[in-house]
Amino acid sequence: MKQNVLSAVALLSGLSLAVAQSVPAPLKLTSTTSVVTQTTQNGKTVETFTDASKVAVVPGTLLDMAHTWQSVSKSDLRNMKLDMKVDPATTFRSAACTLSGVTTLFSADGGKTFGAAPLKKTVIVTENGRQVQRQVEVKPSEYTNVRWQLPVVKAGSEGRCGIRVVVK
């Protein structure tokens, strides 16, 4: 089981790098997967990040997966999209991006469609002996992909977009 989880982390890193290769040359993109350890010091939660390839990753481990970029362009980049897959060996927890004005979208169908949270899906339920369709909220734990729409990446700027997931 432990080996499967470690393989999943290696796969997660590979998927992130595959996305990085499709980004235009004016943007230098680095992908990382880190184990997040939370401790309490002086009544405050402190987080420590360790490269996931250097420690044991077991079910319940909190991971921080991130794309960090540096614009090497001499002009602003517009309407960029940055995607990240939520590996099936993990459960999505949260997403964040340091660039202001970013729109964060989510998918629950493997990246076919994206929408703002909370996502909705249609389910068929039985009520009074009849099958009817209902719209229900998709739980964040069901998210399969995250997309950040970056309206403007300023020339020479740096930023970070990432997700937190828990290993199943």
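## Aromatic cluster

Ring pairs link Phe92, Phe106 and Tyr143 into a cluster, where rings of Phe, Tyr and Trp (its six-membered ring) are taken to pair if their centres lie within 6.5 Å, with planes under 30 degrees apart counted as stacked, over 60 as edge-to-face and the rest as tilted. The structure is a predicted model, in which local features need pLDDT of at least 70 and side-chain atom pairs count only at pLDDT 80 or more, while totals for chains, interfaces and linings use all residues. Residues are numbered from 1 along each chain as its sequence is written, and side-chain values use heavy atoms, with hydrogens and water left out.

A search of the whole structure finds three aromatic pairs. One of them joins Phe92 and Tyr143 in a tilted arrangement, 5.3 Å centre to centre and with 45° between the planes. Because Phe92 lies in strand E5 and Tyr143 in the loop between strand E8 (130-137) and E9, this pair ties together parts that are 51 residues apart in sequence; strands (E, at least two residues) are DSSP runs, numbered from the N terminus. The rings of Phe106 and Tyr143 have their centres 4.7 Å apart and their planes at 25°, so this pair is stacked.

## Two open sheets

An open sheet of five strands has the order E2-E1-E3-E10-E5, with antiparallel pairing; two strands pair if DSSP finds at least two bridges between them. The edge strands, each pairing on one side only, are E2 and strand E5 (90-97), and the twist averages 30° from one strand to the next, the axes being lines fitted to C-alpha atoms and the angles running from 0 to 180 degrees between N-to-C directions. Within this sheet, E3 and E10 pair in the antiparallel sense over nine bridges, and Gln70 has Glu158 in E10 as its bridge partner.

An open sheet of three strands has the order E4-E9-E6, also with antiparallel pairing. Here E4 and E6 are the edge strands, each pairing on one side only, and neighbouring strands are turned by 20° against each other on average, direction ignored.

## Nonpolar core

The largest nonpolar core has 28 residues, and those with the most contacts inside it are Trp69, Trp148, Leu150, Val153 and Ile163; such a core is a set of buried Ala, Val, Leu, Ile, Met, Phe, Trp, Tyr and Cys residues joined through side-chain atoms within 4.5 Å. The elements that give two or more residues to this core are E1, strand E3 (62-71), E4, strand E9 (145-153) and strand E10 (158-167).

Val153 lies in strand E9 and counts as buried, at 0% relative accessibility. Leaving aside neighbours within four places in sequence, Val153 is in contact (heavy atoms within 4.5 Å) with Leu27, Trp69, Ser71, Asp76, Leu77, Met80 and Leu99. Val153 and Ser73 are 80 residues apart in sequence, yet their C-alpha atoms are 9.5 Å apart in space. Trp69, not counting residues up to four places away in sequence, touches a set of residues including Leu27, Leu82, Cys97, Leu99, Val153 and Cys161.

## Charge over a ring

Arg147 lies over the face of Phe114, at 4.0 Å from the ring centre; the criterion is that NZ of Lys or CZ of Arg is within 6 Å of the ring centre and within 35 degrees of the ring normal.

## Backbone exceptions

Most residues other than glycine have a negative phi, and most peptide bonds are trans. Asn42, although not a glycine, has a positive phi of about 55°; Asn42 lies in the loop between strand E1 (27-41) and strand E2 (44-51) and counts as exposed, at 82% relative accessibility. Asn79 likewise has a positive phi of about 55° without being a glycine, but Asn79 is found in strand E4 (residues 77-85), where Asn79 counts as exposed at 64% relative accessibility.

The peptide bond from Ala117 to Pro118 is cis, with omega near 0°, and Pro118 is found in the loop between strand E6 (103-107) and strand E7 (120-127).

How values were computed
Helix = DSSP H or I, 4+ residues; strand = E, 2+ residues; numbered from the N terminus. Buried < 20%, exposed > 50% of the residue type's maximum accessible area, 1.4 Å probe, protein only.
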